[in-house]
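This briefing sets out selected features of the structure shown below. Please read it alongside the sequence and the coordinates.

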Amino acid sequence: MIDLHTHSNFSDGTDSPAELINKALAAGVKIIALTDHDSVAGIAQASAALRPGISLVAGAEISCQSDEGVSVHMLGLLFDTENKELIATMDKTRENRHGRMQRIIERLNEAGIAISIDDVLAELADGATLGRPHLADALVKKGVVKSRDEAFTQMLHNKSKFYVAHYSPTPVEAIRLIKAAGGVAVIAHPMASHRGRTISFESFGDLITAGLDGVEVDHRDHSPDEKNALIQLARENNLVMTGASDYHGNGKLNQLAEYTTHPEQWERLEALATERRVITL
Ligand code: AMP
Ligand code: ZN
Ligand code: FE
Ligand code: FE
């Protein structure tokens, strides 16, 4: 089985990269991509944990914002993880997430919810990308909410009055950066409307022109109708179709390999990278 979208505790997943590799192996996953938010910091540990029977794809889920202000997640896979321009953009996003978290906390404090940046940073592993799930974990610890999910439903969702965006490249820029680093760009959960606004079919055209390689079709946040629309779009535009779990450890219900990528689609995708970069033991 091939699972091309997972998170470790180098972003908002709860498993270390080594735990992730072990669990993936036990679940029958043969190829796993580690795609932490705006970071490749967990790749070295994942790589070191490899064993016979499982291969690793280095990746990252790049937070993007379209010109219309819509949040888009772009999976970069099989790129050179030492590419300076791509790393610099991810560094900038990660730094900006701290000021953004301060502003969300100020808004919560103004509404009478007592929480501090130190409470939130206590939920973060060393070197990890800071995100709203860490704030959610801190709110759980304070007894404000019962779970990450409740935190998002009640106060942390994209349309909440507490929501603050952070710096992020446009999806077109992210595609350019990923491809300049020799990798492939796959748009993550493009129709997941419960996360907030999703990009229009028209703006998909700009992404395809920019060199988009694939589209994540099979994902738990897509309805059957949404999947069908994406399959049609992928066929019309010769895009690779992927499926993935978007596993976050205990942070979400998503189970490893609950959706997977067909080997033929993976072969096509892998051939689109400038080099064969799958990491094996
Ligand atoms: P951020 O990166 O700070 O904008 O936070 C977005 C991340 O929060 C997403 O990538 C999801 O992994 C996570 N997330 C969104 N909704 C939920 C939810 N209901 N429960 C747990 N995690 C969530
Ligand atoms: Zn996440
Ligand atoms: Fe995502
Ligand atoms: Fe994700």
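Buried denotes a relative accessible area under 20%, exposed one over 50%, and partly exposed a value in between, with a 1.4 Å probe and protein chains only. By this criterion Glu61 is buried, because its relative accessibility is 0%. The model is predicted, so local features need pLDDT of at least 70 and side-chain atom pairs count only at pLDDT 80 or more, while totals for chains, interfaces and linings use all residues. Residues are numbered from 1 along each chain as its sequence is written, chains are lettered from A and ligands numbered from 1 in the order in which they are written, and side-chain values use heavy atoms, with hydrogens and water left out.

**Metal site**

- Glu61 (OE), His73 (ND1) and His189 (NE2) coordinate the iron ion (ligand 3) at 2.1 to 2.2 Å; donors are N, O and S atoms within 2.8 Å of the metal (3.2 Å for Na, K and Ca), and sites may look incomplete, since water is not among the atoms.
- Along the chain, the donors of the iron ion (ligand 3) have the spacing E-x11-H-x115-H.
- Distant parts of the chain are linked by the pair Glu61 and His189, which are 128 residues apart: Glu61 belongs to strand E3 (residues 55-65), and His189 to the loop between strand E5 (184-187) and helix H8 (201-209).
- Helices (H or I, at least four residues) and strands (E, at least two) are DSSP runs, numbered from the N terminus.
- A distance of 5.6 Å separates the iron ion (ligand 3) from the zinc ion (ligand 2).
- His189 is buried, as its relative accessible area is 4%.
- The phi angle of His189 is near 25 degrees, a positive value in a residue other than glycine.

**Surroundings of ligand 1**

- There are 14 residues around ligand 1, of which His37, Arg100, Arg132, Asp149 and His248 come nearest; a residue counts as near if one of its heavy atoms lies within 4 Å.
- Arg132 places a polar side-chain atom 2.7 Å from an oxygen atom of ligand 1.
- An N or O atom in the side chain of Asp149 is 2.7 Å from a nitrogen atom of ligand 1.
- For Lys252, a polar side-chain atom lies 3.4 Å from an oxygen atom of ligand 1.
- On its own, ligand 1 has 500 Å² of accessible area, and the protein covers 88% of this; accessible areas come from the Shrake-Rupley method with a 1.4 Å probe, and for residues only the protein chains shown count as cover.

**Loop between E2 and H2**

- Asp38 is found in the loop between strand E2 (31-37) and helix H2 (43-48).
- With a relative accessible area of 0%, Asp38 is buried.
- Phi of Asp38 is near 50 degrees, a positive value in a residue other than glycine.
- Ser39 also lies in the loop between E2 and H2, and is buried at a relative accessible area of 2%.
- The side chain of Ser39 reaches the backbone nitrogen of Ala41 at 3.0 Å.

- Arg97 is situated in helix H3 (residues 84-110) and counts as buried, with 8% relative accessibility.
- The side chains of Arg97 and Ser63 are joined by a polar contact of 3.1 Å; such a contact is a pair of N or O atoms within 3.5 Å, and within protein one must be able to donate a hydrogen and the other to accept it, with residues adjacent in sequence counted only if both atoms are side-chain atoms.
- Helix H10 (residues 263-272) has Gln265, Trp266, Leu269 and Glu270 buried.
- An α-helix has 3.6 residues a turn, so residues three or four places apart point the same way.
- Glu264, Glu267 and Ala271 are exposed on the other side of H10.

- Glu216 is located in strand E6 (residues 214-218), and counts as buried at 0% relative accessibility.
- The C-alpha atoms of Glu216 and Leu75 are separated by 9.1 Å, although the two are 141 residues apart along the chain.
- Val186 is part of strand E5 and is buried, its relative accessibility being 1%.
- From C-alpha to C-alpha, Val186 and Glu236 are 16 Å apart in space, and they are 50 residues apart in sequence.
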